[in-house]
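Subject: Structure handover, with notes on what was found

Dear colleague,

Please keep the structure open while you read.

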Amino acid sequence: MSAAVGVPAATAAPAAGRRAGRTGVLGLLRATGAGGMISAVVIAVAIVLAIIGPWIAPYNPDLPNLSLAWVGPVGGHLLGFDFEGRDVLSRLLAGAQSSMIGPLAVVVGAMVLGTLIAVVSAWRQGFTDTVASSGLDILFAFPGILLAVLAAAVFGAGLTAAAVALAIAYMPYVARVLRGAALRERGRPYTAALEVQGVSGTAICLRHIVPNMLPLIVAQATILFGWAMVDLAAISFLGLGVQPPAPNWGVMISENQPGILQGYPLPALAAGVCIVGVVIAFNILGERLFEQAQAVRR
Amino acid sequence: MSAAGAERDALLSVRDLTVTLPVEGAQRAVLRDVSLDIRAGEAVGLVGESGSGKSMTARAIDRLLPKGAQVEGEIRFDGADVARLTGAALRGYRTKVAMIFQDPRAHVNPVRRIGDFMTESLRTNLGVPAAEASKRAASMLGEVGIADGDRRLRQYPHELSGGMLQRVMIAAALLTGPALLLADEPTTALDVTTQAEVMAILDELRQAHGLAMLFITHDLDLAAAICDRTIVMYAGQIVEERRSELLHSDPLHPYTAALGGARPDIAQKASRLRAIPGRPLSAFEAPAAACAFAPRCAYAQPACTESVPDLAALGGGRSRCLRAADLRGQLEAAHV
């Protein structure tokens with residue numbers, strides 16, 4: 001069973017059309033194995049917390065109480081207090097949102113731009129492809145963090161500038177992988193058949209080529225989310241992303257860093273564990289999905 | 001130039017078509033000086049071995065050549081120069097010239113329903129509303145002998161057999177109301193029994209809709225059976241054009257005669273099939289100044305290797321053989 005699932009519709013797996021949807025998502029997850037499913041659960045929890053975190057935080061995440069600074073777990077405060085005496089658990093929950101939405105913006109931006117460039121250059125080929133590929137080569141030379149620091153210097157520190165810069169920095173990776181897939185799809189006889197039916201290039205790309213690349217697009221986006229999260233946390237750590245006192249996991253590591261040296265590592269570690277956990281989950285799921293996507297296209 | 005050259009009223013007219021493709025840096029010829037005409041409503045067969053250029057001819061007509069292909073010569077459809085068409089005009093032309101492919105399964109997006117596939121061009125190109133397009137698709141499926149059209153439209157390609165899918169392709173090709181059908185070995189990938197069925201449907205519908213057809217096959221007899229005229233290609237060139245019923249009894253080119261002789265005859269006992277000696281040449285291997293078939297030809301003379309013969313009019317057809325006139329009458333006799 002699991003071997004047949006892969007991408008629900010592309011393989012000839014389930015016979016009846018009406019069942020395809022259900023076998024689709026669940027079957028795909030089952031095919032990614034135990035690691036993939038655990039990762040999916042971790043990601044789902046992180047997403048739910050990002051949405052409802054601020055409401056379920058037991059205490060006000062922004063209320064300092066210097067007399068409680070660096071106090072460990074006591075009473076209802078499961079993870080203790082940070083350097084300003086704020087409840088760490090509440091800050092983690094409230095910070096989930098900005099920690100997740102940044103990478104999401106990066107991923108959406110990079111995927112949309114990357115897919116567009118990939119499909120256009122695979123469809124047009126020739127000169128367009130050469131120009132696009134050279135452009136990507138140049139972009140490859142800039143590390144994401146460097147671009148983000150540059151953007152922060154020009155547009156001021158904040159999540160938006162950093163996210164835009166990272167989206168541009170990641171776009172070449174997406175475009176390079178998807179271009180290969182788009183070329184393969186372009187070379188399939190059915191696109192020629194659609195062409196001779198008089199279907200326009202735009203319609204073939206939007207309605208056939210991109211949907212058929214979707215497994216790969218999803219896998220890429222998933223892996224990318226992990227990278228973006230690490231990079232954005234690093235940027236926030238450097239003080240160029242989300243600005244304190246707003247709660248954010250990257251910011252929390254940065255501001256509680258002195259505690260690690262002073263023997264109070266819990267606040268910084270807790271935020272670090274959150275980031276590492278989510279990133280690993282995204283990486284595992286992404287790679288498993290990628291394997292599935294590749295297996296389907298043989 | 002030749003008999004066909006005089007036909008100015010042809011629906012499709014191909015003149016001196018030469019196509020080269022880039023292979024490892026060099027441009028290699030795949031078609032050389034191909035000229036042919038198809039009148040409205042006429043079925044023309046295009047016969048040849050693998051690599052003789054018959055599929056390339058169809059692809060050139062439908063502007064489906066690979067990137068980097070260099071095209072010389074002229075293709076006119078309804079008076080319009082096909083090479084100059086772009087954008088909407090090209091899409092319009094393609095709805096007028098429908099193509100049926102050898103392998104239906106490869107030529108349909110596997111993740112889309114049959115209905116999406118069949119109605120796509122109607123909806124996006126001709127602006128037919130979705131409900132109306134589906135209705136037309138279902139009734140066209142009825143014409144190709146698929147009764148429960150509405151159900152089929154909701155199915156996916158993998159749920160249909162090869163023969164069924166090829167019928168769907170034929171129905172889809174006819175939906176946009178084409179004037180010319182390019183059928184590229186439409187039955188080669190099918191079972192023998194299905195082949196006959198699909199062929200009968202194709203022939204019947206073509207006549208019912210008054211379509212012209214360029215029927216590409218390697219089966220000389222099949223082409224002769226359903227086409228008014230048959231064109232034989234060898235090494236990227238047309239070597240003979242002839243009314244189909246005369247192809248066997250009065251061939252004009254030794255290659256055609258040899259092809260006819262190389263097929264098994266069910267009515268006769270023969271210990272061996274007469275194969276053509278040597279191997280078929282690819283178009284790019286063909287000599288620039290000699291008859292491409294000369295090395296394998298039983299009638300070759302020194303003159304045959306001195307220049308490429310013209311495709312000359314003879315007996316109502318055309319033949320690219322220096323000795324066509326001398327050999328006429330002997331060719332068929334030698335092989336029966």
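I begin with a loop in chain A: A:P245 lies in the loop between α9 and α10 (249-255) of that chain, and the bond that joins A:P244 to A:P245 is a cis peptide bond, with omega at about 10°. Before going further, please bear in mind that this is a predicted model. For the complex, the predictor gives an ipTM of 0.78 and a pTM of 0.77. Chain B has a mean pLDDT of 87, and 94% of its residues reach 70 or more, but over residues 1-6 of chain B the pLDDT is below 50, although this stretch has ten contacts in the model beyond near neighbours in sequence. Where pLDDT is low, the predicted coordinates should not be read in detail.

Backbone points to look at

Most residues other than glycine have a negative phi, and most peptide bonds are trans. Besides the cis bond between A:P244 and A:P245, two residues deserve a look here. A:Q125, which is not a glycine, has a positive phi of about 55°, and A:Q125 is found in the loop between α4 (88-124) and α5 (126-140) of chain A. Because A:Q125 has 14 C-beta neighbours inside 10 Å, it counts as partly exposed. In chain B, the residue B:E24 also is not a glycine and has a positive phi, near 50°, and B:E24 lies in the loop between β1 and β2 of chain B. With 5 C-beta neighbours inside 10 Å, B:E24 counts as exposed.

The helices

Two packed helices are described by the angle between their axes and the distance between the axes. In chain A, the axes of helix α7 (residues 159-187) and helix α9 (residues 201-237) come within 10 Å and cross at roughly 155°, which means that α7(A) is roughly antiparallel to α9(A). The crossing in which α7(A) passes α9(A) is right-handed. Among the residues that meet there are A:L166, A:Y170 and A:E185 in α7(A), and A:I209, A:L216 and A:L224 in α9(A).

Is A:T191 buried or exposed? A:T191 has 20 C-beta neighbours inside 10 Å, and therefore counts as buried. If its neighbours within four places in sequence are left aside, A:T191 is in contact with A:E185, A:R186, A:I204, A:H208 and A:I209. By contrast, A:A175 is 16 residues from A:T191 in sequence and 21 Å from it in space, C-alpha to C-alpha.

In chain B, helix α6 (residues 162-175) and helix α7 (residues 192-209) pack at an angle of about 10°, with their axes 10 Å apart, and α6(B) and α7(B) are therefore roughly parallel to each other. Their crossing is right-handed, and the contact includes B:G162, B:Q166 and B:I170 of α6(B) together with B:T194, B:V198 and B:L205 of α7(B).

The sheets of chain B

Strands of a sheet pair through backbone hydrogen bonds, either parallel or antiparallel. One open sheet in chain B has four strands in the order β2-β1-β4-β5, with antiparallel pairing, and its edge strands are β2 (26-38) and β5 (80-81), each of which pairs on one side only. Strand β1 (residues 12-23) pairs with β2(B) in the antiparallel sense over nine bridges, and B:L21 stands opposite B:R28 in β2(B).

Another open sheet in chain B has eight strands in the order β6-β7-β8-β3-β9-β10-β12-β11, and its pairing is mixed. At its edges stand β6 (97-100) and β11 (312-314), each with a single partner strand, so one side of each is left without a neighbour in the sheet. The twist averages 25° from one strand to the next.

Strand β3 (residues 43-47) of chain B is mostly covered, with five of its five residues buried. In a regular strand the side chains alternate between the two faces of the sheet. For β3(B), the buried residues are B:A43, B:G45 and B:V47 on one side and B:V44 and B:L46 on the other, so that both faces are covered. β3(B) pairs in the parallel sense with strand β8 (residues 212-217) over five bridges, where B:V44 stands opposite B:L214 in β8(B). Four bridges also join β3(B) to β9(B) in parallel, and there B:L46 stands opposite B:I231.

With best wishes

Key: Residues are numbered from 1 along each chain as its sequence is written. Chains are lettered from A and ligands numbered from 1 in the order in which they are written. This is a predicted model: local features need pLDDT of at least 70, side-chain atom pairs count only at pLDDT 80 or more; totals for chains, interfaces and linings use all residues. A residue is buried if 20 or more other C-beta atoms lie within 10 Å of its own, exposed if 12 or fewer, and partly exposed in between; C-beta atoms are placed from the backbone. Two residues are in contact if their C-beta atoms, placed from the backbone, lie within 7 Å. pLDDT is the predictor's confidence in each residue, from 0 to 100. Two strands pair if DSSP finds at least two bridges between them. Helices (H or I, at least four residues) and strands (E, at least two) are DSSP runs, numbered from the N terminus. Axes are lines fitted to C-alpha atoms, for helices over the stretch in contact, and angles run from 0 to 180 degrees between N-to-C directions. Angles under 35 degrees count as roughly parallel, over 145 as roughly antiparallel, 65 to 115 as roughly perpendicular and the rest as oblique. A crossing is left-handed if the near helix is turned anticlockwise from the far one by less than a right angle, and right-handed if clockwise.
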